[in-house]
Amino acid sequence: MITKAELEESHRVPWSEADLFVMSWLLGYVDPTEPSFVAAVITIVFNPLFWNVVARWEQRTRKLSRAFGSPHLACYSLGLCILLLNILRSHCFTQAMMSQPKMEGLDNHTTYFLGLAFLGWGFVFVLSSFYALGFTGTFLGDYFGILKESRVTTFPFSVLDNPMYWGSTANYLGWALMHASPTGLLLTVLVAIVYVVALLYEEPFTAEIYRQKATRLHKRS
């Protein structure tokens, strides 16, 4: 008599074979050695690393503020660099998608309009976040000593934490779906992972900046 456990075991695919199947299927659509894919991965990982390292260095040394003669001018300059790097990242992301095959199952009107919806949702959150925070609030003004009086709680922060990051991720997801691109979907997952890691470093550090501000105000009073 064959037990239920033995029957289930007989139909179970070994993990090594399952992993090999998934990898073979994925490599049918995505070539990770293709130059534009490598460039996209590099820019996705590099951008948050760059602005976190530079902003923390500025917060410790104030060398950018002294070099530009003003913390606001230094913040504007870093913000411009971040914008240019993000344009380059988007270009590399698009080139990586265009250089690799589409998935036929995603190449239809339903998926296209779903992608368009994600793209629109992402733009709403990115633009409204920028409007709520302003330029210096968006581009790490906290690290330059340009602090807000209180935490921003208006839309989109009233419905979502870190709407700039998640709006940007939605933009990439929408763009990938509109192009029926497995490469774009894979790169979007990388964008989300990198943002999650960045937030693990950014949020405690920013909270400490405002804690120090509150302590100074308390001592003065």
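Me: Helices (H or I, at least four residues) and strands (E, at least two) are DSSP runs, numbered from the N terminus. Over residues 35–55, what are the percentages of helix and strand?

Reply: This is a predicted model, in which local features need pLDDT of at least 70 and side-chain atom pairs count only at pLDDT 80 or more, while totals for chains, interfaces and linings use all residues. Residues are numbered from 1 along each chain as its sequence is written, and side-chain values use heavy atoms, with hydrogens and water left out. Residues 35–55 are 100% helix and 0% strand, with the end C-alpha atoms 30 Å apart.

Me: What does UniProt call residues 35–55?

Reply: The unreviewed UniProt entry gives that span the annotation "intramembrane region". The same record lists residues 36–55, 112–133 and 183–201 under "transmembrane region". UniProt positions are in the numbering used here, feature names are shortened, and annotations may be inferred rather than shown by experiment. In the model, residues 36–55 are 100% helix, with end C-alpha atoms 28 Å apart. Residues 183–201 are also 100% helix, and their end C-alpha atoms lie 28 Å apart.

Me: Why is the pair of Tyr76 and Phe135 called edge-to-face?

Reply: Rings of Phe, Tyr and Trp (its six-membered ring) pair if their centres lie within 6.5 Å; planes under 30 degrees apart count as stacked, over 60 as edge-to-face and the rest as tilted. The structure holds 11 aromatic pairs. In this one the centres are 5.3 Å apart and the planes stand at 70°, so the name edge-to-face applies. Tyr76 is in helix H5 (residues 71–98) and Phe135 in helix H6 (residues 109–138), so the pair ties together parts 59 residues apart in sequence. Tyr76, Phe130, Phe135 and Phe139 form one aromatic cluster.

Me: How do you know whether Tyr76 is buried, partly exposed or exposed?

Reply: Buried means under 20% relative accessible area, exposed over 50%, and partly exposed in between (1.4 Å probe, protein chains only). Tyr76 has 39%, so it counts as partly exposed. Phe135, at 25%, is partly exposed.

Me: Where does Ser181 lie, and is this residue buried or exposed?

Reply: Ser181 is in the loop between H7 and H8. Its relative accessible area is 2%, so Ser181 is buried. Contact means heavy atoms within 4.5 Å. Not counting residues up to four places away in sequence, Ser181 touches Met97 and Ala176.

Me: What makes a set of residues a nonpolar core?

Reply: The set must be buried Ala, Val, Leu, Ile, Met, Phe, Trp, Tyr and Cys residues joined through side-chain atoms within 4.5 Å. The largest such core here has 30 residues, of which Phe93, Leu140, Phe144 and Leu187 touch the most other members. Helix H3 (35–61), H5, helix H7 (163–178) and helix H8 (182–220) each supply at least two of its residues. The largest share, eight residues, comes from H5. Leu140 touches Trp51, Ala55, Cys75, Leu78 and Ile82, not counting residues up to four places away in sequence.

Me: Which residues lie closest to the centre of the largest pocket?

Reply: A pocket, on a 1 Å grid over the protein atoms alone, is an open set of points where a 1.4 Å probe fits, with protein on both sides within 12 Å along at least five of seven lines; lining residues have an atom within 4 Å of a point. Of its 44 lining residues, Ser129, Leu133, Thr138, Met164 and Tyr165 are the closest to the centre. The largest share of the lining, nine residues, comes from H6.
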